[in-house]
Amino acid sequence: MEWDTFVGHSTQRAWFENALARNRVASTFLLVGQEGIGKRTFAKLIAKSLLCTGSDARKLDLCNRCETCKQVDAGTHPDVIEIAPEKDKSRITMRQLVGEDENRLREGLCYEIRFHPYSGRRKFAIIDYADTLERHTANALLKTLEEPPLGAVIFLIGTSEKRQISTIRSRSQ
């Protein structure tokens with residue numbers, strides 16, 4: 001996975017390059033559009049570029065050779081958290097975001113994203129199928145979106161901006 005072979009999203013890439021050059025990368029992004037157009041790949045390329053240790057941290061570039069690039073490609077980088085509905089579920093669950101009842105806010109994405117980056121410069125969360133967030137589940141995510149940890153970047157990926165609750169839309173780029 002690299003920018004040279006990634007087709008489309010040139011406007012979004014230019015926007016990120018400009019924000020990065022000005023050191024003004026926001027914390028939450030809502031990527032919407034029809035299924036299969038590369039939103040998830042785009043989010044992973046942004047994460048990979050911003051974590052890459054073999055390229056200039058001030059540019060949206062990646063080396064594709066360093067351990068970081070290999071870990072992002074393999075889905076094993078400790079600073080990239082990916083959430084999607086579990087195999088037997090049709091929606092993202094409260095447990096995935098804030099943990100089980102007995103461990104509420106001591107596990108799940110909202111807990112994990114608050115830790116300092118393990119090996120990179122930032123922490124990333126990619127929430128796939130954000131359209132499946134029910135109101136109470138989306139509301140559990142709001143505190144993290146309102147007060148994001150320093151250096152955290154959260155991507156919400158969905159098919160329609162209208163399918164997101166208004167508070168999620170208002171806190172996202």
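Me: Is Cys63 buried or exposed?
Reply: In this predicted model, Cys63 counts as buried, because its relative accessibility is 11%, under the 20% cut-off.

Me: How many disulfides are there in the structure?
Reply: The structure has zero disulfides. For Cys63, the nearest cysteine sulfur belongs to Cys52 and is 3.6 Å away, whereas a disulfide needs two cysteine sulfur atoms within 2.5 Å.

Me: Switching to the hydrophobic side, which residues have the most contacts inside the largest nonpolar core?
Reply: Trp3, Ile46, Phe124 and Phe155 do, within a core of 28 residues. Two or more residues each come from helices H1 (10–21), H2 (39–51) and H3 (67–74), and from strands E1 (28–32), E3 (123–127) and E4 (152–158), with H2 giving the largest share, seven residues.

Me: What is Ile46 in contact with, leaving aside its neighbours within four places in sequence?
Reply: Ile46 contacts Trp3, Phe16, Leu60, Phe124 and Phe155.

Me: Where is Val72 found, and is Val72 buried or exposed?
Reply: Val72 is in helix H3 and is buried, since its relative accessible area is 3%. Not counting residues up to four places away in sequence, Val72 touches Met1, Lys44, Lys48, Leu51, His77 and Val80. The C-alpha atom of Val72 is separated by 9.8 Å from that of Ser49, with the two residues 23 apart along the chain.

Me: OK, pockets now. How much space lies in the largest pocket, and which element gives the largest share of its lining?
Reply: The largest pocket holds about 260 Å³ of space, and E1 gives the largest share of its lining, four residues. H1, E1 and H2 are the elements that give two or more residues to that lining, and among the lining residues are His9, Trp15, Phe29, Lys39 and Gln173. By class, the lining has eight nonpolar, three polar and one charged residues.

Me: And the second largest pocket, which residues are closest to its centre?
Reply: Glu35, Lys39, Arg40, Asp128 and Ile157 are the closest, out of 15 lining residues, and the volume of this pocket is about 160 Å³. Its lining has three nonpolar, six polar and six charged residues, and the largest share, three residues, comes from H2.

Note on methods: Residues numbered from 1 in each chain as written. Predicted model: local features only at pLDDT ≥ 70, side-chain atom pairs only at ≥ 80, totals over all residues. Heavy atoms only, no water. Buried < 20%, exposed > 50% of the residue type's maximum accessible area, 1.4 Å probe, protein only. Core = buried A, V, L, I, M, F, W, Y, C linked by side-chain atoms within 4.5 Å. Contact = heavy atoms within 4.5 Å. 1 Å grid on protein atoms, 1.4 Å probe; cavity = no way out; pocket = protein on both sides within 12 Å on 5 of 7 lines; lining within 4 Å. Points joined across faces, edges and corners; volume = space filled by probe spheres on them. Nonpolar A, V, L, I, M, F, W, Y, C, P; charged D, E, K, R; others polar.
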